[in-house]
Amino acid sequence: FQDDLKAEIAEKDDTIARLKSALKASKEEKKEMEEHLTEKIEALQNEQAHSKTNAEEFQDDLKAEIAEKDDTIARLKSALKASKEEKKEMEEHLTEKIEALQNEQAHSKTNAEEFQDDLKA
C-alpha cells in the first residue's frame, strides 16, 4: 500500500514537472510574441505602403494572441497549484498511513510477546 502511495506521489511530481515545463514554454512563447509584436509594429510604422488602419488591426490581432497566451499561463499556474495541493494531501495521507501501520506493528508485537509469555507460563 505504501508503494501505491509513493507511486502516486511520483506521478504527482511528474505532473508538476510537466506543468512547470509547459508554463515555462508558454512564458517563452509570450516573450517571443511580444518581441515579434514590437518588430512588426516598428516595421509597419516604417512602411508607407501600409495604412494606419492595417497596422492597428494587425496590432490588435497580436495583442489578442498575447491575451490567449496569458490565459494559458493562468490556467497552467492554477493547475500547478492544484497539483501541488494534491501532492501535499497525498504526502499527509501517506504519513498517516505509515504511522497507523507502525502503530499496528507495535501493537501486534506486543500481542505476540504476551502470547509467548502465556505459552511460557
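The following questions and answers concern a predicted model of one protein chain. In this model, local features need pLDDT of at least 70 and side-chain atom pairs count only at pLDDT 80 or more, while totals for chains, interfaces and linings use all residues. Residues are numbered from 1 along each chain as its sequence is written, and side-chain values use heavy atoms, with hydrogens and water left out.

User: How many helices and strands does the protein chain have, and is it spread out or compact by the globule rule?

Analyst: The chain holds two helices and zero strands, where helices (H or I, at least four residues) and strands (E, at least two) are DSSP runs numbered from the N terminus. For 121 residues the globule rule gives 14 Å, whereas the radius of gyration is 29 Å, well over that value, so the chain is more spread out than a compact globule. Here the radius is taken over C-alpha atoms, and the rule is 2.2 Å times the number of residues to the power 0.38. The C-alpha atoms fill a box, along the principal axes, of roughly 105 × 15 × 15 Å.

User: What share of the contacts with a separation of 6 or more joins residues 24 or more positions apart?

Analyst: Contact means heavy atoms within 4.5 Å. Among contacts in the chain with a separation of 6 or more, residues 24 or more positions apart account for 89%.

User: Which residues make up the largest nonpolar core?

Analyst: A nonpolar core is a set of buried Ala, Val, Leu, Ile, Met, Phe, Trp, Tyr and Cys residues joined through side-chain atoms within 4.5 Å. Buried means under 20% relative accessible area, exposed over 50%, and partly exposed in between (1.4 Å probe, protein chains only). The largest such core has six residues: Ile16, Leu19, Leu23, Ile73, Leu76 and Leu80. At least two of its residues come from each of α1 (2-46) and α2.

User: Is Ser26 buried or exposed, and which residues does Ser26 contact beyond its neighbours within four places in sequence?

Analyst: Ser26 lies in helix α1. Its relative accessibility is 5%, so Ser26 counts as buried. Beyond neighbours within four places in sequence, its contacts are Lys69, Thr72, Ile73 and Leu76.

User: Why does Ser83 count as buried, and which residues does Ser83 touch, not counting those up to four places away in sequence?

Analyst: Ser83 belongs to helix α2 (residues 52-120). Ser83 is buried because its relative accessible area is 5%. Not counting residues up to four places away in sequence, Ser83 touches Lys12, Thr15, Ile16 and Leu19.
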